Each structure stands twice: as structure tokens, then as C-alpha cells.
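The sequence and structure are shown first.

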Amino acid sequence: QVQLVESGGGWVQAGGSLRLSCAASGRTFNSYAMGWFRQAPGKEREFVGLISRSGNTYYADSVKGRFTISRENAKSTVYLQMNSLKPEDTAVYYCAANIGVSNAASVYDYWGQGTQVTVSS
């Protein structure tokens, strides 16, 4: 069992930056690939990016070059650094854990509660 807790969301003006954190419980954090997803009102949950167990990263085209995912296994934490934020990045952001690498939300076993990110124009 893995429990995930996100933090770091908030309000920011367009062009600004935020860093989200996702802290995991348990001692098996480095056994999981960690994904970030987001869901805007009235829209389906969408893939943002992920980091594999070995540290390889993959991003959705919509955030590539602006968002960076990193992980700190010693702290069982994964980060999402978001730069050059746009109003269309407004959403609830979720972190999720899965044994394998996938951009499909349906395969992820564990989810955090989400954190709101609001970008104003």
C-alpha cells in the first residue's frame, strides 16, 4: 500500500511558476514509476508527465519544455516544477504511482488527493 499526499498548489499569474510535491508513504517508493495527471472542470483527467524508477522522464506535448519532473528517493518525494504557466494549465493536479511506465491513468494503482492550481491571465 502506498499513500500519496500532494502539496504546493495555489494561485499564480500567467508566466509564473509553481512547484508541486508529492510525498509517498512506505519504504518501496523507488519501486514505482510516478505520474502526474491533471483534471480541469468538465474535462477528463489527462496525463502531464511521469518519471520512471530509473529517473527517465516523459511529458505530454502540452507541457514539454515548461514542466519538469524529478524524484528524490531518499525523501520518497516526487516534484513537478511548472514554469511559464498558462491559464489553460488551471486544473487539479494529481500524482499517482504505478509499477510500470504508462501515460494511462487507468493503470495507476495509487493516487493522491489532488492539489488545485489556478493560473490567471
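## Disulfide

C22 and C95 are both buried. The model is a predicted one, and in it a disulfide links C22 to C95, with a distance from S to S of 2.0 Å. The count for the structure comes to one disulfide. Because C22 belongs to strand β3 and C95 to strand β9, the pair ties together parts that lie 73 residues apart in sequence. The link of C22 and C95 is right-handed, with 60° about the S-S bond.

## Nonpolar core

The largest nonpolar core contains 35 residues. Those with the most contacts inside this core are L4, M34, W36, L80, M82 and Y93. At least two core residues come from each of the strands β3 (18–24), β4 (33–39), β5 (46–51), β7 (67–72), β8 (77–82), β9 (91–98) and β11 (115–120). The strand that gives the most is β9, with five residues.

Leaving out residues up to four places away in sequence, Y93 touches E6, L20, F37, R38, V48, F67, L80, M82, G114, T115 and V117. Two of these, L80 and M82, are also listed with Y93 among the core residues with the most contacts.

## A buried arginine

R66 sits in the loop between β6 (57–59) and β7. Is R66 buried or exposed? Its relative accessible area is 11%, and the cut-off for buried is under 20%, so R66 counts as buried. With residues up to four places away in sequence left out, R66 touches Q81, M82, N83, S84, L85, K86 and D89. M82, one of the residues in this list, also touches Y93.

## Strands and sheets

The chain has zero helices and 11 strands. Read from the N terminus, its elements are therefore β-β-β-β-β-β-β-β-β-β-β.

Four strands make up an open sheet with antiparallel pairing, in the order β1-β3-β8-β7. Its edge strands are β1 (4–7) and β7, each of which pairs on one side only. On average, neighbouring strands in this sheet are turned by 15° against each other, with direction ignored. Within the sheet, β1 and β3 run antiparallel and are joined by four bridges. S7 has S21 in β3 as its bridge partner.

Strands of a sheet pair through backbone hydrogen bonds, in either a parallel or an antiparallel sense. Strand β11 takes part in both kinds of pairing. With β2 (residues 10–13), β11 pairs in the parallel sense over four bridges, and V12 stands opposite V119 in β11. With β9, β11 runs antiparallel, and three bridges join the two strands. The bridge partner of A91 is V117 in β11. V117 is also among the residues that Y93 touches.

## Overall form

The C-alpha trace of the chain spans about 40 × 25 × 25 Å along its principal axes. For 121 residues, a compact globule would have a radius of gyration near 14 Å, and the 13 Å of this chain agrees with that.

Of the 121 residues in the chain, 46% are buried. Among contacts between residues at least 6 apart in sequence, 57% join residues at least 24 apart.

Methods:
Residues numbered from 1 in each chain as written. Predicted model: local features only at pLDDT ≥ 70, side-chain atom pairs only at ≥ 80, totals over all residues. Heavy atoms only, no water. Core = buried A, V, L, I, M, F, W, Y, C linked by side-chain atoms within 4.5 Å. Buried < 20%, exposed > 50% of the residue type's maximum accessible area, 1.4 Å probe, protein only. Contact = heavy atoms within 4.5 Å. Disulfide = S-S within 2.5 Å. Pairing = 2+ DSSP bridges. Axes fitted to C-alpha atoms, helices over the stretch in contact; angles between N-to-C directions. Rg over C-alpha atoms; globule rule 2.2 N^0.38 Å.
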